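Please examine the structure shown below.

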Amino acid sequence: MVRVERRNSFEHKNKLKDFYHKFFKTGMEKLNDRIVDSYDMDNLPLPLEVEIETVNRCNGDCPFCPVNVHEPQRPYAKMTDELFYKIIDDLSELNYSGQLAIYSNNEPFLDERIIKFHEYAREKVPNAFIHMYTNGSVMGLEKFKQIIPYLDEMVLDIYDDRQIITPVIQPVYDYVESHEELHEKVLFSLRLKHEILNSRGGQSPNKKDEAHRSKAKCVLPFQELIIRPTGHISLCAADALGKYDLGDMNTMTIMQAWHSEKHEEIRKAMKKTGRKGLMLCDKCDLVGGTLKGVNGIE
Ligand code: SF4
């Protein structure tokens, strides 16, 4: 059976979460504290998730996203082929087996190299779990057929308040329906465009209010490595505008960037005093991340 998920509004959940944030820590927040406290800074494992953003543009207009097509955009940047292959070769040398995404805060199909990049990554980093989220609007059936062999999972986020398979996605849906071997691999996620999600460090256009902040320590600086098209390293996926600059993949290896002085400083601060005083973090309500064996909460 084709996997179709109907995402309901998180608004009521957010209200409940805000109430808890004001007075208590939720179970997930307590779990985040415990996980952060348990990390041994001298033996930090490789990131659970590496995201490589190859072009910093999205064609979506979702009101919860700080880098949607209507918001002030980042200076245009597109990763060079040379830098992309260097990053993948680095991961290959590490025999990386975590999650790998060749996108971050962008629509991956706006980069015309996206299929050949996935082909290369699949060959060089065979043990990674390569996944992709796309709005599917510029993909089309032919590109879907070309890219799907290189992916472990594709999630089609269809942003439409009617929560339907839209005409542009229908040919892909029909194709998946008639290919049983793709049923597990592809998820059609029917999303409400006007949803209110995480504040993304207080940057979400429809949720900037600082009342939404969480008191928990955040696991993401211990688990995610986010590489922007310039090669610079951001704090986390919520740092969509790249306000943090924690390393540079043009001059560093993955290991050097992961253990850069700035990265270690953030982790030490997060372990010691939590989000307080950290730019973006002290306004952020995101709790969850990629917890081992526990699904993240949006
Ligand atoms: S608290 Fe928010 S901004 Fe800070 S690292 Fe976590 S997700 Fe990113």
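**A glutamate and a helix pair**

The side chain of Glu53 makes a polar contact with the side chain of Arg228 at 2.9 Å; a polar contact is a pair of N or O atoms within 3.5 Å, where, within protein, one must be able to donate a hydrogen and the other to accept it, and residues adjacent in sequence count only if both atoms are side-chain atoms. This is a predicted model, in which local features need pLDDT of at least 70 and side-chain atom pairs count only at pLDDT 80 or more, while totals for chains, interfaces and linings use all residues. Residues are numbered from 1 along each chain as its sequence is written, and side-chain values use heavy atoms, with hydrogens and water left out.

Where does Glu53 lie? Glu53 belongs to the loop between β2 (49-52) and α3 (81-93); helices (H or I, at least four residues) and strands (E, at least two) are DSSP runs, numbered from the N terminus. With a relative accessible area of 1%, Glu53 is buried (under 20% relative accessible area, 1.4 Å probe, protein chains only). Beyond its neighbours within four places in sequence, the residues in contact with Glu53 include Arg74, Met79, Tyr103 and Pro229 (contact means heavy atoms within 4.5 Å). Tyr103 is 50 residues from Glu53 along the chain, yet their C-alpha atoms are separated by 4.2 Å.

Consider next the helices α4 (residues 114-124) and α5 (residues 140-147), whose axes come within 9 Å and cross at roughly 15°. Axes are lines fitted to C-alpha atoms, for helices over the stretch in contact, and angles run from 0 to 180 degrees between N-to-C directions. α4 and α5 are therefore roughly parallel to each other (angles under 35 degrees). Ile114, Ile115 and His118 of α4 and Lys143, Gln146 and Ile147 of α5 make the contact.

Note on methods
Buried means under 20% relative accessible area, exposed over 50%, partly exposed in between (1.4 Å probe, protein chains only). Angles under 35 degrees count as roughly parallel, over 145 as roughly antiparallel, 65 to 115 as roughly perpendicular and the rest as oblique.
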